[in-house]
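Work through the exercises below with the sequence and the 3D structure open. Try each task before you read its solution.

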Amino acid sequence: MIDRYTRPEMAAVWSEERKFGHWLRVELLAVEARVKDGQVPAEEFEELERKASFDIERIKDLEKKTRHDVAAFVDNVAEIAGPSGRHLHYGMTSSDVLDTALALQMREAADLLLEGIDQLLGILISRAKEHTSTLMAFRTHGIHAEPGTLGIKIAGWAFELARGRERLVAARREIAVGKLSGAVGTYSQLHQGIEAFVMQALDLEPDEASTQVVSRDRHAAFLASLGIIAGSIERIATEIRHLARTEVAEVEEPFAEKEQKGSSAMPHKRNPWRCERLTGLARIVRAAVVPGIENIALWHERDISHSSVERVMLPDSCIVLDFMLAECTELVGGMVVYPDRMRLNIERSYGLLFSQTALLSLVDSGFSRDEAYRIVQEAAMKAWKSGASFKELLAADPQVRDRLSSADIDRCFDETRYLEHAGQIVARLDRLEK
């Protein structure tokens, strides 16, 4: 991933240095297990452990000849270690090292992502509570529907992100799996006790029935969880973009008044560019989900069609989502809210947001549902076309006046119920904080 969307901690997880460090740890633990099994002299392992290291540039040079990254790595460590290097990679296949080390990298990445989720979740909960009673028009199909509050809207984002967190926790558990079962998973050269020792030292579980690779349904689940979280962030960004449009203008991205420029040509512009960037980056994370699923089906006990894909999509998906979480946290935390504009937009539909309550009040008064619907719909269309008050048009209708008192009509347009329900919904966020 390009530097623009890469944060240092996540970049370090996917660095060559970290990867080769994990490879070396797996190789040394395998030798240590054989020492305990009586297969390798302890003094030779001590020498190997003391001398073993790697040189990234030398590995690259060796790979030009070997055309094999793990073979080049083993050759480099062996030439540095000297005679004790002969114990490296004994009875192992490349995927024993690759997949076990990859599990360590994915677990580290998941931990960073979970930290990012927790930070964003905290901001969402805080802002939802701040705006529990900030009344606004809720919309379906982009059209005014009924009143709601900004607190409810943000609470919905928070609960969705919390579900995404649960999926990532489950996926983290699924990918914390390695293997040391050999060329096709039969333990023909190293018995299962060797694998058990290494996995316990790494705090990983052994794959129950690996082939030459750890089963790729695990990696697919991990990528799917990232894709869903990216989609949840995109949902937030898309909503803020809509609410920031000039015609709506109910919220706005944070803007540095004296420094930031919204447009190179038009000084007045304050564009929702960060939301748009999040929308675009979500496509990258989501694009990895299908290849991750396609990687599940490999030929027989293994081919390497999954390898090239994972070298790109696993680091990039984690790096991009890490950036997205930090960006969204800053975006929501600094989001500017305009309650007066929200009130003005409610009034722009002349009270039509209360049509359902009026409908049901007429049904309760004895009208059939269709009769009540037609009465309310006619008044609503008159209000929309003429700009007259929907409430006044209803009150002037003889059919309505015959069934509903002035107090009944007033109750149809009472906002209290919406605020009470908003408080109840936002209060549910308390369980996420616990």
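Predicted model: local features only at pLDDT ≥ 70, side-chain atom pairs only at ≥ 80, totals over all residues.

Residues are numbered from 1 along each chain as its sequence is written, and side-chain values use heavy atoms, with hydrogens and water left out.

**Exercise 1. Describe how H6 and H9 pack.**

Step 1. Locate the helices. H6 covers residues 94-130, and H9 covers residues 217-243. Helices (H or I, at least four residues) and strands (E, at least two) are DSSP runs, numbered from the N terminus.

Step 2. Take the geometry. The axes of H6 and H9 are 12 Å apart, and the angle is about 25 degrees. Axes are lines fitted to C-alpha atoms, for helices over the stretch in contact; angles run from 0 to 180 degrees between N-to-C directions.

Step 3. Name the arrangement. Angles under 35 degrees count as roughly parallel, over 145 as roughly antiparallel, 65 to 115 as roughly perpendicular and the rest as oblique. H6 and H9 are therefore roughly parallel.

Step 4. List the partners. On the H6 side, they include Leu 102, Met 106 and Ala 110. On the H9 side, His 219, Phe 222 and Leu 226 are among them. Contact means heavy atoms within 4.5 Å.

Step 5. Sort by class. The contact of H6 with H9 has 12 nonpolar residues, 1 polar and no charged ones. Ala, Val, Leu, Ile, Met, Phe, Trp, Tyr, Cys and Pro count as nonpolar; Asp, Glu, Lys and Arg as charged; the others, Gly among them, as polar.

**Exercise 2. Decide whether His 219 and His 131 are buried or exposed.**

Step 1. Buried means under 20% relative accessible area, exposed over 50%, partly exposed in between (1.4 Å probe, protein chains only).

Step 2. Check His 219. This residue lies in H9. Its relative accessibility is 4%, so His 219 is buried. Leaving out residues up to four places away in sequence, His 219 touches Leu 102, Met 106, Ile 175, Val 214 and Glu 310.

Step 3. Check His 131. It sits in the loop between H6 and strand E1 (135-140). At 7% relative accessible area, His 131 is buried. With residues up to four places away in sequence not counted, His 131 touches Thr 149, Leu 150, Gly 151 and Val 337.

**Exercise 3. What is the phi of His 141, and what is that of Tyr 350?**

Step 1. Recall the rule. Most residues other than glycine have a negative phi.

Step 2. Read His 141. Its phi is positive, about 60 degrees. His 141 lies in the loop between E1 and strand E2 (143-149). At 81% relative accessibility, this residue is exposed.

Step 3. Read Tyr 350. Its phi is also positive, about 60 degrees. The loop between helix H13 (339-347) and helix H14 (355-364) holds Tyr 350. At 31% relative accessibility, Tyr 350 is partly exposed.
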